[in-house]
Amino acid sequence: MRPENAHQAVLLRLLREGGRSRAELGDMVDLSRSKLNVELDRLIELGLVEPDGLAESRGGRRSGKVRLSRQTRFAGIDIGATSVDVAVTDGELNVLGHLSEPCDIREGPAVVLDRAVTLLGKLREQGLYSQLHGVGIGLPGPVSFPEGVPVVPPIMPGWDRYPVREAVSEELGCPALVDNDVNIMALGELHAGLARQVGDFLLVKIGTGVGCGIVVDGKIYRGVSGSAGDIGHIRVDDDGPICACGNSGCLEAYFGGAALAREATAVARSGRSPYLAERLAAAGELTAQDVAVAAAQGDAAAIQIIRDGGRRVGQVLASLVSFFNPGLVIIAGGVARLGHVLLAEIRSVVYRRSLPLATGNLPIVLSELGDIAGIVGATRLISDHVYSAG
């Protein structure tokens, strides 16, 4: 069920922020009282909105309150390179249930999407929904948003042009939308994170890959073909290591998850980090998390790895800040858990290299949403679609 006109769509999006009185809504929209009541009554008839008691008196008769239907349910699916997260929310995008499990994107679309649908089935068994009104999906690679398909994704063999949107929509019996995972994280921050009051910002995700969500005037900027923000493949050194995309010296080849593991292994084998050497001997391989733990214990070699990576991210980000002039930069993703050593290095480079006018009042912060940024953003994406005039 969708709103029938633009007025109803505006009212639904306002109510997504929480229930309000009819009088409050009247203050927020350019509608006469009688027209407002006609549209709200129609939304109640459609089952999208429901009455919610009476508001406090503002000096006269108490105004009736309304809220989004308690039956509305959206699903978010956030597929990463090494994990899949799913969640179910109500119409206001409050997370009612969240499940996550390890999953290798290289197993292919049929296997990975089946895992996601199975996880959602577990949430249904818990009684969290009987019917979904829409599902948003994030993928760790370039996505053609109008078609709902990934396009030549470097770390996703077998996914090129796979009809993800159609397959999931058909399986779950509801509308579906697909976007790049960094874009949905940016939408999550816009809805429930540090960017709630910021119209223009950048979200830099540092995980297995490196990407950037660009928000302009409260909306995701995707570019002409959907590849805007693919900063992981900006070249930072002509003679650098080979990247997964086939080029050399990309930012991602220096500071994605695989690059961190490579650097940590080299440091461990050289004897410069007793802690990482011990972890390598015990586990057989190292991860970004091992680097974070070593740095937290004051390991000088691990701290240097983080600083080197942060410096390269800062170099790329400084150019973006001078070019785009955002109001906020959020650093997110698994590697962002390296924390304040990483943040301090990025800040230092950006503030030193960017134009003073662009950085004079620019916060650069770590995400506070963590693992739920993507799933909240995925439900924001699909709710924007459902709460728009058909």
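A residue is called buried when its relative accessible area is under 20%, exposed when that area is over 50%, and partly exposed in between, as computed with a 1.4 Å probe on protein chains only. The model is predicted, and for this reason local features need pLDDT of at least 70 and side-chain atom pairs count only at pLDDT 80 or more, while totals for chains, interfaces and linings use all residues. Residues are numbered from 1 along each chain as its sequence is written, and side-chain values use heavy atoms, with hydrogens and water left out.

By the burial criterion, N183 is buried, with a relative accessible area of 4%. N183 lies in helix α6, residues 181-192; helices here are DSSP runs of H or I with at least four residues, strands are runs of E with at least two, and both are numbered from the N terminus. Once residues up to four places away in sequence are set aside, N183 touches G213, I220 and R222, where contact means heavy atoms within 4.5 Å.

The loop between β9 (149-150) and α5 (164-172) contains V152. V152 is not a glycine, yet it has a positive phi of about 45°. Because its relative accessibility is 61%, V152 counts as exposed. The loop between β9 and α5 also holds R161, another residue that is not a glycine and has a positive phi, here about 60°. R161 counts as partly exposed because its relative accessibility is 41%.

Helix α8 spans residues 257-270, has 14 residues and reaches 20 Å from its first C-alpha to its last, close to the 20 Å expected at 1.5 Å a residue; the expected span is 1.5 Å times one less than the number of residues. The buried residues of α8 are G257, A259, L260, A261, A264, T265, V267 and A268. They pack against α7 (251-255), α9 (274-283), α10 (288-296) and α11. Just after α8, G271 takes a positive phi of about 85°.

Two packed helices are described by the angle between their axes and the distance between the axes. Axes are lines fitted to C-alpha atoms, for helices over the stretch in contact, and angles run from 0 to 180 degrees between N-to-C directions. The axes of α8 and α9 come within 8 Å and cross at roughly 105°. That makes α8 roughly perpendicular to α9, a label given to angles of 65 to 115 degrees. In this contact A264, T265, V267, A268 and R269 of α8 meet L276, A277 and L280 of α9. By class, the contact of α8 with α9 has six nonpolar residues, one polar and one charged; Ala, Val, Leu, Ile, Met, Phe, Trp, Tyr, Cys and Pro count as nonpolar, Asp, Glu, Lys and Arg as charged, and the others, Gly among them, as polar.

For helix α11 (residues 300-324) and helix α12 (residues 340-353), the axes come within 7 Å and cross at roughly 35°. From α11 the contact includes I303, I306, R307 and G310, and from α12 it includes V341, L342, E345 and I346. The residues of the contact of α11 with α12 divide into 11 nonpolar, three polar and four charged.

T359 counts as buried because its relative accessibility is 12%. Leaving aside neighbours within four places in sequence, T359 is in contact with V321, V350, Y351 and S354. Of these, V321 of α11 and V350 of α12 also belong to the contact between those two helices.

Notes:
Parallel < 35°, antiparallel > 145°, perpendicular 65-115°, else oblique.
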